[in-house]
Amino acid sequence: MKKAFIFDLDGVIVDTAKYHFLAWQNLADSLGIPFSSAQNEQLKGVSRVRSLEKILEWGNKSISEEEFTRLMSEKNEEYLVYISKMDTTEILPDVPRVLDCLISKEQSIALGSASKNARIILEKVQLYDKFQAIVDGTNVSKAKPDPEVFLIGAQMLDIAPENCVVFEDSVAGIQAANTANMISIGIGDDKVLHQADYIFKDFTEIKEEFINQLITTPKSLTIK
């Protein structure tokens, strides 16, 4: 049975969350808005526009549209400086093993990320060629938890949503996968990602037997 495996990028394949945190924290500081790591967690899987909107809401501040655009650009430029130095050492543990396992089993693989820099990052860490389809922030108009990014990925791979498996580290991403009627796999804290069908601390916990189970088990038989 052929299925589509759709991977989020930040926090799933690579740990770019730390770079987002630094860039958003510097932006918030410039506005006099306190910004914590807990708040940064709430921005995972969220678009750049919505992230800045949330920071402004937390600080109870309003700015002009021109200033809004400028700040988004500055944040992205700082983030790009960080990711320009990335290499294969930034890949999270056992991600290549799982990707290669899926490729050996002739499964379809896509990226489904809110990041507009996804292609750059995949090239930097030398994983670009592992993906048959890449859906990023340049392809979608609706941010997670809207399922658009995953539904486009399924369409590009010509696989029905119920035959898709999503790997996500954010609540918004898990909700998007569930709304799309896909199997959702949380990568991270089980207390945070409790809405997922399955949860693993990281890819080192995902064994080949489980991958085989995902390939052969219909969505209707997913066990919470």
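Reader: How many Å apart are the end C-alpha atoms of H1, and what should its 14 residues span at 1.5 Å a residue?

Author: Keep in mind that this is a predicted model. At 1.5 Å a residue, the 14 residues of H1 should span 20 Å. The model agrees with that, since its end C-alpha atoms sit apart by 20 Å.

Reader: Which residues of H1 are buried, and what covers them?

Author: Buried here means under 20% relative accessible area. By that cut-off, the buried residues of H1 are Ala-17, Tyr-19, His-20, Phe-21, Ala-23, Trp-24, Leu-27 and Ala-28. What covers them includes H3, H4 and helix H2 (37–41).

Reader: On to H4. Why do its buried residues line one face of the helix?

Author: Start with the list: Phe-68, Leu-71, Met-72, Lys-75, Asn-76, Tyr-79 and Ile-83 are the buried residues of H4. An α-helix has 3.6 residues a turn, so residues three or four places apart point the same way. Seen down the axis of H4, the buried residues line one face because they fall within an arc of 130°.

Reader: What covers the buried residues of H4, and how far does H4 reach?

Author: Helix H1 (17–30), helix H3 (48–58) and helix H6 (118–124) are among what covers those buried residues. H4 runs over residues 65–83, which makes 19 residues. From first C-alpha to last, it reaches 27 Å, close to the expected 27 Å.

Reader: Now the pockets. Which helix supplies the largest share of the lining of the largest pocket?

Author: That pocket has a volume of about 600 Å³. Of its 31 lining residues, Val-46, Ser-47, Arg-48, Ala-114 and Ser-115 are the closest to its centre. H1, H3 and H4 each supply at least two residues of the lining. The largest share, four residues, comes from H4.

Reader: Which helix gives the most to the lining of the second largest pocket?

Author: The second largest pocket has a volume of about 270 Å³. Of the 19 residues lining it, the closest to its centre are Glu-41, Gln-42, Lys-44, Ser-170 and Val-171. The elements giving two or more residues are H3 and helix H8 (171–179). With three residues, the one that gives the most is H8.

Terms used
Residues numbered from 1 in each chain as written. Predicted model: local features only at pLDDT ≥ 70, side-chain atom pairs only at ≥ 80, totals over all residues. Heavy atoms only, no water. Expected span 1.5 Å × (residues − 1). Buried < 20%, exposed > 50% of the residue type's maximum accessible area, 1.4 Å probe, protein only. Arc of directions from axis to C-beta. Contact = heavy atoms within 4.5 Å. 1 Å grid on protein atoms, 1.4 Å probe; cavity = no way out; pocket = protein on both sides within 12 Å on 5 of 7 lines; lining within 4 Å. Points joined across faces, edges and corners; volume = space filled by probe spheres on them.
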